[in-house]
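Subject: Handover of a structure, with notes

Dear colleague,

Please find the structure for your study below.

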Amino acid sequence: LKNHIDVDVRSTQPVTISINKDIPELIIYLKLINKSPFLDIEFDRGEFSLWLKHDHGMQPLSHICFLSKTFIKKGETKEISYKHELNYFQKEFVKKIKDDKSPLANLQSGKIFINSSLYPNTVLELNLDNKPCKIE
């Protein structure tokens, strides 16, 4: 089953961090592709650490766990978005790197939990590095 599932971020603005809202937040858009010709799957949950790469290095921003039971038919692609509120210290860190040339997001130590009729509780491990990150 693992060979029939691709996980990535969407191509446009996959990671957006909004620090000027009343409640600052980050939004991550994942893209799941079920390439199986036979099995429908269910995305159950995911977790990963979000690191930001900027002009002065790379630092962790947050560890993220999310639930989003999403059914994906064979041969289908679905996008899943996740919103996460930023605390004061996260917001201040993002403010400091806001004007860097091109901050990038790394989704590291990721685990995606998938279910199907033949393969329940399948875990996909992944790292998604150097993804565009928009800070507004």
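This is a predicted model: local features need pLDDT of at least 70, side-chain atom pairs count only at pLDDT 80 or more; totals for chains, interfaces and linings use all residues.

A residue is called buried when its relative accessible area is under 20%, exposed when the value is over 50%, and partly exposed in between, with a 1.4 Å probe and protein chains only. By that rule L128 is buried, because its relative accessibility is 8%.

Residues are numbered from 1 along each chain as its sequence is written, and side-chain values use heavy atoms, leaving out hydrogens and water.

Confidence in the model

The score pLDDT is the predictor's confidence in each residue, from 0 to 100. Its average over the chain is 93, and 100% of the residues score at least 70.

The chain as a whole

Helices (H or I, at least four residues) and strands (E, at least two) are DSSP runs, numbered from the N terminus. The chain has 8 strands and 1 helix, and from the N terminus on the order of the elements is β-β-β-β-β-β-α-β-β. The radius of gyration is 16 Å, close to the 14 Å that the globule rule gives for 136 residues, so the chain is as compact as a globular protein of that length. Here the radius is taken over C-alpha atoms, and the rule is 2.2 Å times the number of residues to the power 0.38. Along the principal axes, the C-alpha atoms fill a box of roughly 50 × 25 × 20 Å.

Of the 136 residues, 48% count as buried. The accessible surface comes to about 7,700 Å², and carbon and sulfur atoms hold 48% of that surface; such areas come from the Shrake-Rupley method with a 1.4 Å probe, and for residues only the protein chains shown count as cover. A contact means heavy atoms within 4.5 Å. Of the contacts in the chain with a separation of 6 or more, 69% are between residues 24 or more positions apart.

The helix

Which residues of helix α1 are buried? In this helix, residues 88-97, they are Q90, F93, V94 and I97. Seen down the helix axis, these buried residues fall within an arc of 95 degrees, so they line one face of α1; the arc is that of the directions from the axis to the C-beta atoms. In general, an α-helix has 3.6 residues a turn, so residues three or four places apart point the same way. The buried residues of α1 pack against β2 (15-18), β4 (41-54), β5 (57-72), β6 (77-85) and β8 (122-135). On the other side of the helix, Y88 and K96 are exposed. The N-terminal end of α1 is capped by N87, which has a side-chain oxygen 3.0 Å from the backbone nitrogen of F89.

S18, in strand β2, is buried at a relative accessible area of 4%. The side chains of S18 and E136 are joined by a polar contact of 3.0 Å. S116 belongs to strand β7 and is also buried, with a relative accessible area of 11%. A polar atom of its side chain lies 3.0 Å from the backbone nitrogen of Y119.

L128 lies in strand β8. Beyond the residues up to four places away in sequence, L128 touches V7, D8, V9, L30, A105, N106 and L107.

Most residues other than glycine have a negative phi, and most peptide bonds are trans. S109, in strand β7 (residues 104-116), has a positive phi of about 50 degrees although it is not a glycine. N121, in the loop between β7 and β8, has a positive phi near 55 degrees. Both residues are exposed: S109 has a relative accessibility of 53%, and N121 has a relative accessible area of 62%.

Yours sincerely,
A colleague

Notes: A polar contact is a pair of N or O atoms within 3.5 Å; within protein, one must be able to donate a hydrogen and the other to accept it, and residues adjacent in sequence count only if both atoms are side-chain atoms.
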